[in-house]
Amino acid sequence: MKKGYMIKLIKDLWIALRPLSLTLALASTTLGMLMANREGLLFTSNRTLDIFKIVLVTIGGMSILGCANLINDFYEGSFKYHRPGEKTYKFLKYERTAFDLLVFAFSMVCIGITALIGVILMYISTTKLIYVGIAGIIGAYAYTGEPFVYKKRGLGAILSLILVGSLMVLGSYMVFAGEFSFEPVLYTLPAGLMIPLMMMSNEIRDYERDKDLGIKTLTVILGVKAGKMIYLALIVAAYLLTVIFVFIGKLPPLALAVFLTLPIAIKSYKKVSIPKTSAIRITNWLHISFNLITIIALMVS
């Protein structure tokens, strides 16, 4: 195999994994563990075991999100256009190149890693994690995987919040708490809302393409104007809920520092409102900065 081809293959595989998007999983799992720490459930006895759990939870969260990204690229054929003229193969009723098949195989590896980590965590913490794990694995595949394809049914933004936000927070919390609890999910919701915000920025950017291809995202179903209103509503809700949760004592006062990100939020909304302009990058920076401040606030409180 030629060196140039190998480099291109590795580069495209890295792009398919969408490493920057893995910050969503990193933030959600960290928030869940910090909510457990806030209840005094971390580093109470076996520090080495807790560090081991933290590492496994983090890797597991990023692995299953990576799987969802790869599944998306396989089913949407994102990379076949990068290799015009290459031989294609019939697989799962689609014509795909060898690279596309590699993307699918890599997604299955990610599922395997997640499942293995899940089994280990159930053994050293609680077997109740099996419900979160199964829901997460099915959701990662079904987001764009046939025959479900929830993304094409207007459920992409909602499921991204449930799967990458709520489930990851809950699962990482349960590793240390051993029990289900609605509180960590609810009180990390301001930061979690940055996840569907990312999805909406993607939907708004791809509105024309998705409409032409018959992909019924929420923005295609409701219209691009409604999509932008949902984008704005998510931003407003994130800041408003932060104020409420600080006021009732469920988040530390330092969490109000998320208002330092308000200029980024305003800029992201202005950009998403400009036709044929992508606001994905700046929305991602809003997600990173908002979550980072929330994480720091929980760490030092």
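The model is predicted, so local features need pLDDT of at least 70 and side-chain atom pairs count only at pLDDT 80 or more, while totals for chains, interfaces and linings use all residues. Residues are numbered from 1 along each chain as its sequence is written, and side-chain values use heavy atoms, with hydrogens and water left out.

**Cavity**
- The structure holds one cavity of 30 Å³ or more (a set of points on a 1 Å grid over the protein atoms alone where a 1.4 Å probe fits but cannot get out).
- The volume of the largest cavity is about 80 Å³ (the space filled by probe spheres set on the points, which are joined across faces, edges and corners).
- Its lining has 14 residues, of which G165, S166, V169, T188 and G192 are the closest to the centre; lining residues have an atom within 4 Å of a point.
- Two or more lining residues come from each of helix 2 (22-38), helix 6 (156-177), helix 8 (189-192) and helix 14 (280-300); helices are DSSP runs (H or I, at least four residues), numbered from the N terminus.
- Helix 6 gives the largest share, four residues.
- Seven lining residues are nonpolar, seven are polar and none is charged (Ala, Val, Leu, Ile, Met, Phe, Trp, Tyr, Cys and Pro count as nonpolar, Asp, Glu, Lys and Arg as charged, the others, Gly among them, as polar).

**Helix 12 and helix 14**
- The axes of helix 12 (residues 224-247) and helix 14 come within 13 Å and cross at roughly 10°; axes are lines fitted to C-alpha atoms over the stretch in contact, and angles run from 0 to 180 degrees between N-to-C directions.
- Helix 12 is therefore roughly parallel to helix 14 (angles under 35 degrees).
- Y231, A238, Y239 and T242 of helix 12 meet T283, L286 and F290 of helix 14, contact being heavy atoms within 4.5 Å.
- This contact has five nonpolar, two polar and no charged residues.

Terms used: On a 1 Å grid over the protein atoms alone, a cavity is a set of points where a 1.4 Å probe fits but cannot get out, and a pocket is an open set with protein on both sides within 12 Å along at least five of seven lines; lining residues have an atom within 4 Å of a point. Angles under 35 degrees count as roughly parallel, over 145 as roughly antiparallel, 65 to 115 as roughly perpendicular and the rest as oblique.
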